[in-house]
Amino acid sequence: MPKITALNHVAVVVENMEQSLAFWRDALGIELHELRDVPAEKSRVAFLPVAGAEVELVMPTSDDSGVAKYLAKRGQGMHHLCLEVDDIEGMLAQLKSKNIRLINEEPRAAADGKKYAFIHPESTGGVLVELYQL
Ligand code: CO
């Protein structure tokens with residue numbers, strides 16, 4: 001059985017990365033671990049580690065991205081939470097067998113080799129859930 005092993009990160013969608021970093025990095029004092037563009041998702045992300053997990057800030061870099069549409073519809077705020085899993089293919093198969101609606105039927109590969117997939121909020125009680133296999 002695939003197993004959830006950790007809470008990896010909680011993601012917040014933001015309009016302006018510098019303004020958001022002024023809060024998360026400068027006011028709260030959390031170290032900025034990584035800031036990079038994710039061309040596949042037309043977004044820029046920042047990761048700020050907190051005790052084994054991270055806060056992820058997500059900013060759209062194009063008006064036609066999924067994140068931009070989310071921002072236009074709902075405004076800034078909580079976007080998703082991400083759980084680590086030891087076998088992402090196995091977990092996606094398990095979820096499908098339980099009629100859970102998936103956004104990504106197959107895992108996608110991040111630039112650093114991590115596999116990830118999103119579960120639709122319709123099946124999770126309104127929370128967009130990301131799965132990571134490191
Ligand atoms: Co994420």
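Here are some questions and answers about a metal site and a few strands in a predicted model. Residues are numbered from 1 along each chain as its sequence is written. In this predicted model, local features need pLDDT of at least 70 and side-chain atom pairs count only at pLDDT 80 or more, while totals for chains, interfaces and linings use all residues, and side-chain values use heavy atoms, leaving out hydrogens and water.

Me: Which residues coordinate the cobalt ion?
Reply: Donors are N, O and S atoms within 2.8 Å of the metal (3.2 Å for Na, K and Ca), and since water is not among the atoms, sites may look incomplete. Here the donor atoms sit at 2.1 to 2.3 Å, with NE2 from the histidines and OE from the glutamates. The residues are His9, Glu56, His80 and Glu130.

Me: What is the geometry of the site of the cobalt ion?
Reply: Four donors count as tetrahedral if all angles lie between 85 and 135 degrees; four count as square planar and six as octahedral if opposite donors are over 155 degrees apart and all others between 65 and 115; anything else is irregular. The angles among the four donor atoms are 76 to 165°. The site is irregular.

Me: In which strands do Glu56 and His80 lie?
Reply: Strands (E, at least two residues) are DSSP runs, numbered from the N terminus. The pair ties together parts that are 24 residues apart in sequence, because Glu56 lies in residues 53-60 and His80 in residues 77-85. Those strands are β4 for Glu56 and β5 for His80.

Me: Is His80 buried or exposed?
Reply: Buried means under 20% relative accessible area, exposed over 50%, and partly exposed in between (1.4 Å probe, protein chains only). His80 has 4% relative accessibility, so His80 counts as buried.

Me: With which side chains does the side chain of His80 make a polar contact?
Reply: A polar contact is a pair of N or O atoms within 3.5 Å; within protein, one must be able to donate a hydrogen and the other to accept it, and residues adjacent in sequence count only if both atoms are side-chain atoms. Another, at 2.9 Å, involves Glu130.

Me: How many bridges join β3 to β4?
Reply: Two strands pair if DSSP finds at least two bridges between them. β3 and β4 form a hairpin with two residues between them, and Val50 stands opposite Ala53 in β4. The strands run antiparallel, and the number of bridges is eight.

Note on methods
Helix = DSSP H or I, 4+ residues; strand = E, 2+ residues; numbered from the N terminus.
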